[in-house]
Structures are given as C-alpha cells and as structure tokens.
Amino acid sequence: MKNHNYTLEYERRQALKKKILRGILAGIAALAGILVIAFLLYVGDYYHADEDAATYLYGSDRVKVSEFSDGYFFDGSGDDTALVFYPGAKVEYTAYAPLMFDLAQGGVDCFLIKMPWNLAIFGVDKAGDVMAKYGYTSWYVGGHSLGGAMAAKYVNGKITDSNTANDPAGLILLASFSTVDLRAKPDLQVLTIYGSNDGVLDREKLNAQTQLLPDSARTVVIQGGNHAQFGDYGRQNKDGDASITKEQQWEETTAEVLEFLAR
C-alpha cells in the first residue's frame, strides 16, 4: 500500500511538473509572438519615398539605371570609381535615387542598396557582395544616418580583414558618424556631411566620435540643410526645418562628394 501511494504521489508530481513546463513554454511562445508582432509593426511603419524620387529610376541619356538583386545601379559617365550607398533607418531606399542619379551624372557610378526591413543593421556586408561582382579601381562606401554608421562598420571589418581585395578607398557619412575606430587605416578617406538645421543628428556624439576617424577626415556643414533632405521622403520626425530646397541640398552634397572623390 505504501508503494502504491508513493507511486501515485510521484505521478502527481510529474504531472504537475509537465503542466508547469507547458505553461512556461506557452508563455515563452506568447511572448515570442508578441515580440514578432511588435517588430513587424515597427518595421512596417517607415518613411516612403516621394513620388518624384521614382522618376529618377527611369534614367536618362547620361545615366543608365538598372535594378539588380540588392537594389539599383546608377551607371553614369565614370568607369573607375563607384559608391555603394546604404539608406537611413526605416527609409524606403528609392528615396535616395535623386542623389545617386546626380552623383552618377557627375561621373561616379552608384549602387543604391535595398536593406532587409529598411534597416542597414541587417545588411552590413552587402557592400562586399556588390564589390565581388563588379570591377572598379576605386570603391567607396557611404550611407545616410544609420546607414552611414553601418557603412563605417563594414569598412572597419575590411580594415581588420586579412583579405585586402576590394578594400574601400573611403567612407562617406551623410548626417551620420562612425561608432567604430577607423584610425587603423590612416590613408582611409572620410567625408562627413550634415545640414546645419538637422534636428535628428546627435551633435554631441558626432563631435565625440570624430576622434575615431583618421586625421585627414573632412567635415562639411550644408547651411540651411536638414536631416531628411539627403533623401526624398518628406519630413522626418524631430527634424529641423530646412531653409533650402531638397534640390539645393542634393546639389551641394553632390558637389562636395565629387570634390572629395577627385582628391
């Protein structure tokens, strides 16, 4: 009788443990489901490219635009130099078509990268994929806002990588800064451009992080420009009002980048 009671008690305990375990697993599954839904809602709420931006995807006599697996290729008059560009966080990548078009027209072929969920943190190494498929003498990597930070992260990985093939010659940061130390490659060219009316860019971090760049790094402030007008996606939350047009900001940015690449 004693053994029988012991067996019943043991079975009850085991059943209780299984019930608790099922409850824990159900709770984890529910939490995971909530997190997935929250993530999808987060990435689903993004800045859409303005309709005008799409017109630049048609190209022109001087700039041929074609779609490839990771975005759009802007093939201009240049043959030797190319820029791989990462879009800002939660911004539809085609919003940067006007700027890429202008740069290509100025002689720099551009690869505008489409990021998973419009977040460059999920596509840091996409520049390497592009470089492996196309042959250019000089490669540059750049980006806007978070895209710029992720471009810097990619460049940093190439600095520490023993494989030096297709190492970027330079980095272009638009309303952005590097969070990684790039001083290990003093000959790396770095250009930072931001608008004087930018209300999104953290100026304290921008100033503090300049110490992570090579001594030759250059910073340009576009007077009257803001954060969003490097692309064409309307007003961004918390951004300052621009006192120049988006076209003027693209024009000034293009001029600064072309001058930087010509050095």
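**Salt bridges and a helix**

Reply: Asp 241 is exposed, and so is Arg 235, where exposed means over 50% relative accessible area, buried under 20% and partly exposed in between (1.4 Å probe, protein chains only). This is a predicted model, so local features need pLDDT of at least 70 and side-chain atom pairs count only at pLDDT 80 or more, while totals for chains, interfaces and linings use all residues. Residues are numbered from 1 along each chain as its sequence is written, and side-chain values use heavy atoms, with hydrogens and water left out.

Me: What makes Asp 241 and Arg 235 a salt bridge?

Reply: The rule asks for a side-chain nitrogen of Lys or Arg within 4 Å of a carboxyl oxygen of Asp or Glu. Their side chains meet at 2.6 Å, N to O, so the pair qualifies.

Me: Which parts of the chain does the Lys 126 and Asp 70 pair link?

Reply: Lys 126 and Asp 70 form a salt bridge at 2.9 Å, N to O. Lys 126 is in helix H4 and Asp 70 in the loop between strands E1 and E2, 56 residues apart. (Helices, H or I, at least four residues, and strands, E, at least two, are DSSP runs numbered from the N terminus.) Both residues are buried.

Me: How do you know that the length of helix H7 agrees with its residue count?

Reply: The expected span is 1.5 Å times one less than the number of residues. For the 17 residues of H7 that should be 24 Å, and the end C-alpha atoms are 24 Å apart, so it agrees.
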